[in-house]
Amino acid sequence: MSKTTVFEGPIGVLGLGVCVPNRILSNADLEKMVDTTDEWIVTRTGIHERRILEDHQVPSDIAYQAAKRAIEESGVDPSEIGALIYCTYTPDHFMPPTACILQHKLGIGSGLCYDMNAACTGFIYGLQNAYAMIRSGMAKKVLVIGCDCASRIVDYTDRNTCILFGDGAGAMVIGEVPEGRGILGNMAGCDGAGAMLIYQKVGACAFPMTKQNIDTKDRYMQMNGREVFKFAVKIVTDAVEAALADAGLDVKDVDLLVPHQANVRIIQAAQERFNFAEEKTVITMDKYGNTSAASIPLALDDARKRGKLKVGTTCALVAFGAGLTYAASIVRW
Ligand code: COA
């Protein structure tokens with residue numbers, strides 16, 4: 001790596017791409033699998049359906065498509081991308097990092113290449129890692145991918161979790177953007193006291209998979225939904241306010257709130273606290289559910305397709321997740 005020089009220009013999004021699997025898992029499908037109803041799921045969460053990987057697919061298949069689209073849109077040659085951050089809690093394997101598989105497939109240049117697990121906050125953590133790398137001069141262009149396929153670790157007999165999650169991928173090429181645009185403010189944090197509120201006990205090194213535990217609920221994701229809900233309602237607005245303060249902006253300067261898509265009631269609570277009009281908020285969980293690290297790029301892509309996101313739009317991105325992690329970034333598109 002050459003000697004680094006701090007970069008002082010604006011840093012932002014050069015290209016955005018997303019990909020979701022074709023297979024749909026609807027609330028009607030779930031009614032046949034667990035004791036639930038479409039009405040309960042829609043009123044309590046806002047979710048109507050979600051996408052699920054085909055049996056023959058692996059997470060990096062959809063991550064690859066999302067990344068390819070982001071790179072194409074950026075117009076950047078892959079070899080000029082100096083770092084790849086793959087945000088996920090559902091990697092293809094523990095080893096090697098999925099980032100390395102994608103680096104090879106996409107033809108990304110040499111530089112830092114790693115998987116990062118900040119659960120559903122992953123994409124914003126990744127974005128802030130990319131920002132810091134470019135600001136410090138370590139890389140000029142960074143590819144950030146958020147991809148999760150919770151369908152591979154969700155218990156489809158547990159109605160508390162299986163109704164919430166869907167699979168998806170989103171990617172961005174980050175680099176220098178014209179003056180007046182880009183990432184304007186950041187905040188990130190973690191409250192490890194809540195680390196076990198969302199967890200998967202078996203499968204890693206504390207409790208490796210054995211013949212005895214392979215068929216138990218311990219090998220799937222488990223969650224205390226009520227406690228996570230309380231945490232989320234508070235942190236969404238606190239995080240946006242902190243990132244706005246970092247940007248030297250006020251909530252009235254925000255054109256578009258782009259929140260992590262976990263539960264529509266969490267988003268409505270933030271809308272009320274900020275006195276935000278519904279059309280200034282992005283909601284995609286109705287069709288994708290909670291796609292974890294892919295949630296923020298999927299929401300941005302959706303907003304762009306609906307004409308809500310244009311050059312100059314000031315967005316407040318905010319997410320929270322297992323850990324408990326949280327982060328917000330203010331981005332002028
Ligand atoms: N269908 C029908 N009933 C269900 C159900 C389902 N899918 N899931 C739970 N219930 C039942 C519960 O068993 C409970 O019944 P009881 O009162 O007889 O015990 C009742 O509904 C209320 O449960 P509760 O957990 O209080 O519901 P809730 O309104 O808090 O909604 C979540 C549950 C999971 C939707 C909600 O807590 C949530 O979204 N939490 C945040 C989760 C999250 O965002 N996780 C990811 C973080 S990135």
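Domain bounds here come from an automatic or database domain assignment. On that basis the protein chain splits into domain 1 (11–179) and domain 2 (183–332). This is a predicted model, so local features need pLDDT of at least 70 and side-chain atom pairs count only at pLDDT 80 or more, while totals for chains, interfaces and linings use all residues. Residues are numbered from 1 along each chain as its sequence is written, and side-chain values use heavy atoms, with hydrogens and water left out.

Overall dimensions, then. Along its principal axes the C-alpha trace spans about 55 × 45 × 35 Å. The radius of gyration of the protein chain is 19 Å, which agrees with the value near 20 Å that a compact globule of 333 residues would have. That radius is taken over C-alpha atoms, and the globule rule is 2.2 Å times the number of residues to the power 0.38. The secondary structure comes to ten helices and 13 strands; these are DSSP runs, helices being H or I with at least four residues and strands E with at least two, numbered from the N terminus.

Now the interface. The C-alpha centres of the two domains are 14 Å apart. Domain 1 puts 49 residues into the contact and domain 2 puts in 46, where contact means heavy atoms within 4.5 Å. Between them the domains bury about 3800 Å², with 63% of it on carbon and sulfur atoms. Buried area is the accessible area (1.4 Å probe) that two parts lose on being put together, summed over both. On the domain 1 side, Cys-120, Ile-124 and Ile-153 lose the most area to domain 2, together 15% of what that side buries.

How many residue pairs are in polar contact across the interface of domain 1 and domain 2? The rule finds 23, both residues at pLDDT 80 or more. A polar contact is a pair of N or O atoms within 3.5 Å; within protein, one must be able to donate a hydrogen and the other to accept it, and residues adjacent in sequence count only if both atoms are side-chain atoms. Several elements of domain 1 each supply at least two residues to the side touching domain 2, among them β1 (11–19), α5 (122–136) and β7 (167–176). The largest share of that side, seven residues, comes from α5.

Salt bridges next: a side-chain nitrogen of Lys or Arg within 4 Å of a carboxyl oxygen of Asp or Glu. The count between the domains is two, and a search of the whole structure finds 14. Glu-73 and Arg-304 form a salt bridge through their side chains, at 2.8 Å, N to O.

Last, some backbone geometry. Most residues other than glycine have a negative phi, and most peptide bonds are trans. The bond from Met-95 to Pro-96 is cis, with omega near -5°, and Pro-96 sits in the loop between β4 (83–87) and α4 (98–106). The bond from Gly-323 to Leu-324 is also cis, with omega near -10°; Leu-324 is in the loop between β12 (314–321) and β13 (325–332). Ala-119, although not a glycine, has a positive phi of about 50°, and its place is the loop between β5 (112–116) and α5.
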